[in-house]
Amino acid sequence: MNILFDINHPAHVHLLRNTYFALAQKGHTLYVTVKDIPAAKELMDFYGIPYISIGHKGDSLAQKGWEQLLYDLRVRRLVRKHHIDIGVGTSVTLAHVSKVSRMRSIILDDDDDAVEPLFVKYAHPFADVILSPDSLQRKAKQTVYYPGTHELAYLHPSRFTPDASVLHEIGLTEKDPFFILRFNAFKAHHDAGEHGLSMDGKRRLIALLEQHGRVFITTEREIDEAFRPYQLKISQEKMHSLMYYATMFVGDSQTMTSEAAVLGTPAVKCNSFAGRLSVPNELEQKYGLCYAFLPSQEEAFLAKIEELLAMPDLKAEWQKRRERMLAEKIDVTAFLTAFIEKF
């Protein structure tokens with residue numbers, strides 16, 4: 001088959017890369033499109049995945065609307081040129097093009113309908129099938145649920161082995177306590193009006209964590225001058241190994257909170273999505289792998305971190321919780337590969 005993957009975010013490179021290579025090894029012809037996202041392109045260059053750039057990714061809703069039309073046109077031309085059978089990804093583009101071409105679309109969506117109204121309105125009705133974690137409940141009847149998360153497509157033990165050499169790059173050993181902080185940009189269409197930690201909250205968080213170990217900050221945007229001494233300078237493909245060995249992950253990022261949780265690293269999040277998303281809610285409420293707080297709950301947020309830091313054998317306890325979660329979940333890459341081939 002001729003299969004197209006469409007990439008809209010660096011995390012989607014991780015989500016699909018193992019499936020890409022599994023399908024390529026089975027003899028299928030693969031194409032990858034990507035918006036002009038430097039971090040995503042850098043990851044694909046690192047993993048040796050060739051790609052076709054389809055244009056700039058805007059920040060405002062007006063920009064996104066206009067550029068969406070251009071994406072649709074460019075991908076439709078590519079589908080016709082290469083006789084694409086199936087399109088796979090998280091994008092509205094694939095859903096649209098599948099309605100005006102021979103291609104059928106498989107949309108991967110792990111967000112709740114309530115927090116992505118535009119995607120639900122403009123992508124779900126056009127998709128041939130939507131694949132979602134079974135912690136979600138959708139209105140779209142063409143949804144197929146599976147017992148897993150997006151993060152388990154690349155962080156399941158059958159797909160990921162942490163590399164301890166990453167610690168030596170930043171002057172650490174496996175015995176050294178350290179913390180990874182992530183401050184999000186909130187630029188996606190579903191992020192409009194959303195926010196995370198206040199500047200004061202970030203300062204207080206760093207002051208607290210510095211008492212217990214090294215602090216490293218990663219961010220999507222230009223880092224505030226006051227935080228530059230903590231900025232993490234490491235190639236992004238090594239981040240998951242570093243996160244595995246971290247004492248704790250703290251920040252306002254959705255994806256990295258879930259990544260830390262499935263790796264068995266305690267994760268504490270503070271943003272306005274807290275309590276509204278089924279996947280992290282399950283990781284928190286069913287498995288106890290992460291915690292979420294609203295920006296108005298910064299005091300409780302900091303208190304929870306202090307509570308965790310006081311726990312003996314914190315990482316060992318989280319690995320036990322991780323094992324319980326893994327026993328009830330699947331290797332998502334194996335599922336995606338089989339589903340695409342049978343579709």
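1. Ground rules. The model is predicted, so local features need pLDDT of at least 70 and side-chain atom pairs count only at pLDDT 80 or more, while totals for chains, interfaces and linings use all residues. Numbering starts from 1 along each chain as its sequence is written, and side-chain values use heavy atoms, with hydrogens and water left out.

2. The cores. A nonpolar core here is a set of buried Ala, Val, Leu, Ile, Met, Phe, Trp, Tyr and Cys residues joined through side-chain atoms within 4.5 Å. Buried means under 20% relative accessible area, exposed over 50%, and partly exposed in between (1.4 Å probe, protein chains only). The largest such core has 86 residues, and Phe5, Phe301 and Ile305 have the most contacts inside it. A second, separate core of 19 residues includes Leu4, Val97, Ala127 and Ala140. As background, nonpolar side chains tend to be buried together in soluble globular proteins.

3. Around Phe5. Contact means heavy atoms within 4.5 Å. Setting aside neighbours within four places in sequence, Phe5 has contacts that include Leu16, Tyr20, Leu30, Val32, Val88 and Ile340.

4. Strand S1 and its partner. Helices (H or I, at least four residues) and strands (E, at least two) are DSSP runs, numbered from the N terminus. Two strands pair if DSSP finds at least two bridges between them. S1 and S2 pair in the parallel sense over six bridges, with Ile3 opposite Leu30 in S2. Five of the six residues of S1 are buried, so S1 is largely enclosed by the rest of the structure.

5. Helix H2. In H2 (residues 38-47), the buried residues are Ala40, Lys41, Leu43 and Met44. They cover an arc of only 160° around the axis, which puts them on the same side of H2; the arc is that of the directions from the helix axis to the C-beta atoms. These buried residues pack against strand S1 (2-7), helix H1 (10-25), strand S2 (29-34) and strand S3 (52-53). Pro38 and Asp45 are exposed on the other side of H2. Just after H2, Gly48 takes a positive phi of about 75°.

6. Helix H13. The buried residues of H13 (residues 332-342) are Val332, Thr333, Leu336, Thr337, Phe339 and Ile340. Their arc around the axis is only 165°, which puts them on the same side of H13. They pack against S1, H1, strand S4 (86-89), S5, strand S6 (129-133) and strand S7 (143-146).

7. The five-stranded sheet. This open sheet has the order S9-S8-S10-S11-S12, with parallel pairing. Strand S9 (214-219) and strand S12 (290-293) stand at the edges, each with a single partner strand, so one side of each is left without a neighbour in the sheet. The twist averages 15° from one strand to the next; axes are lines fitted to C-alpha atoms, for helices over the stretch in contact, and angles run from 0 to 180 degrees between N-to-C directions.

8. The two edges. S8 and S9 pair in the parallel sense over six bridges, and Arg182 stands opposite Thr218 in S9. Although S9 is an edge strand, five of its six residues are buried, so S9 is largely enclosed by the rest of the structure.

9. H11 (residues 298-309) lies across S8, S10, S11 and S12, running at about 170° to S11.

10. Helix H12. H12 (residues 314-327) reaches 20 Å from its first C-alpha to its last, close to the 20 Å expected for its 14 residues at 1.5 Å a residue; the expected span is 1.5 Å times one less than the number of residues. Its buried residues are Leu314, Trp318, Arg321, Arg322, Met325 and Leu326. They cover an arc of only 140° around the axis, which puts them on the same side of H12. The face turned away carries the exposed residues Lys320 and Ala327.

11. Asp112. This residue sits in the loop between strand S5 (104-108) and helix H5 (117-122). Asp112 is buried, with a relative accessible area of 12%. Apart from neighbours within four places in sequence, Asp112 is in contact with Leu136, Arg138, Arg276, Leu277 and Ser278.
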